[in-house]
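Let us walk through this fold together, one piece at a time. Keep the picture at hand and look for each part as it comes up.

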Amino acid sequence: MALLELKNVKKAFGNVMALEGIDLEVNKGEIVGIVGPNGSGKTTLLHVISGYYHATEGQVIYKGQNISGLRPDKIAAKGIVRTFQQNMVYWDTVTLENVFRACYLSDKTNLWQSFWGTKPYVQEEMAKLTKSVEIVDTFGLSDYSLFPAAGLPHGKQRTLGMAMALASDPELLLIDEPLAGMDAGEVEIVLNCIRKIVDKGVTIMLIEHNIKSVMSICSRLIVLDFGHKIADGKPVEVMKRKDVIEAYLGVE
Ligand SMILES: Nc1ncnc2c1ncn2[C@@H]1O[C@H](COP(=O)(O)OP(=O)(O)OP(=O)(O)O)[C@@H](O)[C@H]1O
Ligand SMILES: [Mg+2]
């Protein structure tokens, strides 16, 4: 069974059809690149999966369960997480604490336990702290552990967003244009972060305009054009296709 399946998903904004009957499957362990020209429906697709938008028609099925229409927090609780946007970072707080707080999104202990400081609660806290230190280390942020997030260099701030995403224990991580506005060095850092997340067994759907990077990291590419899925397959084969090249170049 596919981890995620979309069946005939359509999304309309008034007269604009942002998605026109999308069928797709994502299997566990894949890194699926979502590419296509501006306005082709990529972000809308991820929003429909995360519950931020609801499909006008069709179904989003996660691990065999129809999740269309569920609220974003309910979908996140099932393991579908979007990378942390800048507005989810606590800027006045240090790197390590940001990662530690993100661990709480997958929290299993209840309020009663935290209130009384029960043994399971204290053990969970210690486990979260250890996990946070490990993640900070994995992402090359150890030297910045006690730096306020606001004072981090730009590339490290992006890395922190990735570290927080991993801390929240996603099964399926949705990433929208992680490389936008980055220099070559920062691009390499973020690509390495994504590889590390995949090594932990997380499945990824990644929107990115940087085709070279997408091809270096993705196991499969899905191409959207005017809300239609026009290609789905191995990156090298997909990018050779005439219709894909034409969609990119805007040739009739
Ligand atoms: N909230 C909205 N209200 C109205 N129209 C929208 C909304 N969100 C997206 N659209 C429209 O839906 C279409 C697809 O937009 P979307 O943002 O999904 O494209 P995209 O592929 O992510 O583009 P980009 O590469 O520029 O980020 C566009 O025509 C866009 O104008
Ligand atoms: Mg977009």
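H5 passes helix H6 in a right-handed crossing; a crossing counts as right-handed if the near helix is turned clockwise from the far one by less than a right angle, and as left-handed if it is turned anticlockwise. The names come from DSSP runs numbered from the N terminus: helices are H or I runs of at least four residues, and strands are E runs of at least two. This is a predicted model, in which local features need pLDDT of at least 70 and side-chain atom pairs count only at pLDDT 80 or more, while totals for chains, interfaces and linings use all residues. Residues are numbered from 1 along each chain as its sequence is written, and chains are lettered from A and ligands numbered from 1 in the order in which they are written.

Two packed helices are described by the angle between their axes and the distance between the axes. For H5 and H6 (residues 154-167), the axes cross at roughly 140 degrees and come within 10 Å. Here axes are lines fitted to C-alpha atoms, for helices over the stretch in contact, and angles run from 0 to 180 degrees between N-to-C directions. On the H5 side, Lys-131, Ser-132, Ile-135 and Val-136 meet Ala-163, Leu-166 and Ala-167 of H6; two residues are in contact if their C-beta atoms, placed from the backbone, lie within 7 Å. This contact is made of 5 nonpolar residues, 1 polar and 1 charged. Nonpolar means Ala, Val, Leu, Ile, Met, Phe, Trp, Tyr, Cys and Pro, charged means Asp, Glu, Lys and Arg, and the others, Gly among them, are polar.

H5 (residues 119-138) also packs against H3 (residues 95-103), at an angle of about 125 degrees and with the axes 9 Å apart. H3 and H5 are therefore oblique to each other: angles under 35 degrees count as roughly parallel, over 145 as roughly antiparallel, 65 to 115 as roughly perpendicular and the rest as oblique. H3 passes H5 in a right-handed crossing. The residues of this contact divide into 8 nonpolar, 2 polar and 2 charged.

Now turn to the sheets. One is an open sheet of 4 strands, in the order E2-E1-E4-E5, with antiparallel pairing; strands pair if DSSP finds at least two bridges between them. At its edges are E2 (16-26) and E5 (65-66), each pairing on one side only. E1 and E2 are joined by 7 bridges, with Ala-12 opposite Met-17 in E2. In the hairpin of E1 and E2, 2 residues lie between the strands, and Gly-14 takes a positive phi near 60 degrees. Between E1 and E4 there are 5 bridges, and Lys-10 stands opposite Glu-57 in E4.

The other open sheet has 6 strands in the order E6-E7-E8-E3-E9-E10, with mixed pairing. Its twist averages 20 degrees from one strand to the next. E3 (residues 31-35) and E9 (residues 220-225) pair in the parallel sense over 4 bridges, and Ile-34 has Ile-222 in E9 as its bridge partner. H1 packs on this sheet, touching E3, E6, E7, E8 and E9.

Which element gives the largest share of the shell around ligand 1? H1 does, with 3 residues. Among the residues around the ligand are Phe-13, Val-16, Gly-41, Lys-42 and Thr-43, where near means a C-beta atom, placed from the backbone, within 6 Å. The shell divides into 3 nonpolar, 7 polar and 1 charged residues.
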